[in-house]
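Have the sequence and the 3D view open side by side. This report walks through selected contacts, one region at a time.

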Amino acid sequence: MRLVFFGPPGAGKGTQSAWLTAHLAIPHLSTGEMLRAVAATGTEVGRAAESCLAVGRLVPDPLVIRIIEQRLAEDDCRPGFLLDGFPRTRRQAESLDEMLARRGTPLDLVLNLVVPEEMLVQRLTARGRADDTEEVIRQRLQVFYAETAPLLQHYQDQSLVRDVDGRGTPAEVRQRIQAVVEPPQTPPEAGEEGKGKREG
Ligand code: AMP
């Protein structure tokens, strides 16, 4: 399954991605994690990325797009992938469309994790990552609502979006996601057709 996990910072995408990618046996592609790794190299590119991360601004599109394009070309992405934190701009969304169209492997699903803004600030403040200070959180949320939230329409136009209520405990949210990625099975047709085809 090829899916985009959509939602504001602090919605719980990282937490839910951990079990979901294990469950679907697909790699978890988090551009935030990849960029923190790039920043840690201390190279010129790393320092440029770090200066964006530190203040909650988006890293320039060309770098992020290049990282994702290289990652998607790796073998483990053949069965599918979960994108967490990408795309975040219109240009990134268009590039992703092009990359996937070239391969003939369009997206299957956009999971939209919906959480009210005041709850996001609470959650992010509790998390304590380097860019989780109040000022940087406000900036990241502002960037999300200005640049990223509008992308949802693009995927809604393709009927790819499923909303999931992201309030409550991680276990509650997990159940809701599970219901979306594993819709209840319709009972098999009586007769010989279905026999022996179902597993476990
Ligand atoms: P995240 O871990 O998704 O919350 O991302 C942390 C930070 O990494 C963001 O505040 C941005 O500075 C940067 N970042 C992550 N993904 C992207 C992206 N797709 N485009 C630009 N910057 C990104």
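**Aromatic rings**

This is a predicted model, and its values are computed from it. A pair of aromatic rings is described by the distance of the centres and the angle of the planes. Two aromatic pairs are counted here. The table gives both.

| Pair | Centre to centre | Angle between planes | Type |
|---|---|---|---|
| Phe-6 and Phe-144 | 6.0 Å | 55 degrees | tilted |
| Phe-144 and Tyr-145 | 5.1 Å | 85 degrees | edge-to-face |

The Phe-6 and Phe-144 pair links distant parts of the chain. Phe-6 sits in strand β1, residues 2-6, while Phe-144 sits in helix α7, residues 134-148. The two are 138 residues apart.

Why does Phe-6 count as buried? Its relative accessibility is 4%, and buried means under 20%. Phe-144 is at 9%, so Phe-144 counts as buried by that cut-off. Tyr-145 has a relative accessible area of 34%, so this residue is partly exposed.

The pair of Phe-144 and Tyr-145 is edge-to-face because its planes stand at 85 degrees, and the cut-off for that type is over 60. Together, Phe-6, Phe-144 and Tyr-145 form one aromatic cluster.

Another ring contact involves a charge. Arg-174 lies over the face of Trp-19. The distance to the ring centre is 4.3 Å.

**Ligand site**

Which residues come nearest to the ligand? They are Thr-31, Arg-57, Gly-85, Arg-88 and Gln-92, out of 16 residues around the ligand.

The side chain of Arg-36 has an N or O atom 3.1 Å from a ligand oxygen. Arg-57 uses its backbone: a polar atom there is 2.6 Å from an oxygen of the ligand. Gly-85 also brings a polar backbone atom, which is 2.9 Å from a ligand nitrogen. On its own, the ligand has 490 Å² of accessible area, and the protein covers 96% of that.

**Nonpolar core**

The largest nonpolar core holds 32 residues. Those with the most contacts inside this core are Leu-72, Phe-81, Leu-83, Leu-96, Leu-107, Val-110 and Tyr-155.

Where does the core draw its residues from? The elements giving two or more residues are β1, α2 (31-40), α3 (44-55), α4 (61-72), β3 (81-84), α5 (90-103) and α8 (151-156). Helix α4 gives the largest share, with six residues.

**Single residues**

Thr-21 belongs to helix α1, residues 13-24. Is Thr-21 buried or exposed? Its relative accessibility is 9%, so Thr-21 counts as buried. A polar atom of the Thr-21 side chain lies 2.7 Å from the backbone oxygen of Ser-17.

Val-161 is found in strand β5, residues 161-165. This residue is buried, with a relative accessible area of 18%. The value falls under the 20% cut-off, which means that Val-161 is counted as buried. Val-161 and Asp-108 are 53 residues apart in sequence. In space, their C-alpha atoms are 9.3 Å apart.

Notes
Residues are numbered from 1 along each chain as its sequence is written. This is a predicted model: local features need pLDDT of at least 70, side-chain atom pairs count only at pLDDT 80 or more; totals for chains, interfaces and linings use all residues. Side-chain values use heavy atoms; hydrogens and water are left out. Rings of Phe, Tyr and Trp (its six-membered ring) pair if their centres lie within 6.5 Å; planes under 30 degrees apart count as stacked, over 60 as edge-to-face and the rest as tilted. Helices (H or I, at least four residues) and strands (E, at least two) are DSSP runs, numbered from the N terminus. Buried means under 20% relative accessible area, exposed over 50%, partly exposed in between (1.4 Å probe, protein chains only). A charge sits over a ring if NZ of Lys or CZ of Arg is within 6 Å of the ring centre and within 35 degrees of the ring normal. A residue is near a molecule or strand if one of its heavy atoms lies within 4 Å of it. A polar contact is a pair of N or O atoms within 3.5 Å; within protein, one must be able to donate a hydrogen and the other to accept it, and residues adjacent in sequence count only if both atoms are side-chain atoms. Accessible areas come from the Shrake-Rupley method with a 1.4 Å probe; for residues, only the protein chains shown count as cover. A nonpolar core is a set of buried Ala, Val, Leu, Ile, Met, Phe, Trp, Tyr and Cys residues joined through side-chain atoms within 4.5 Å.
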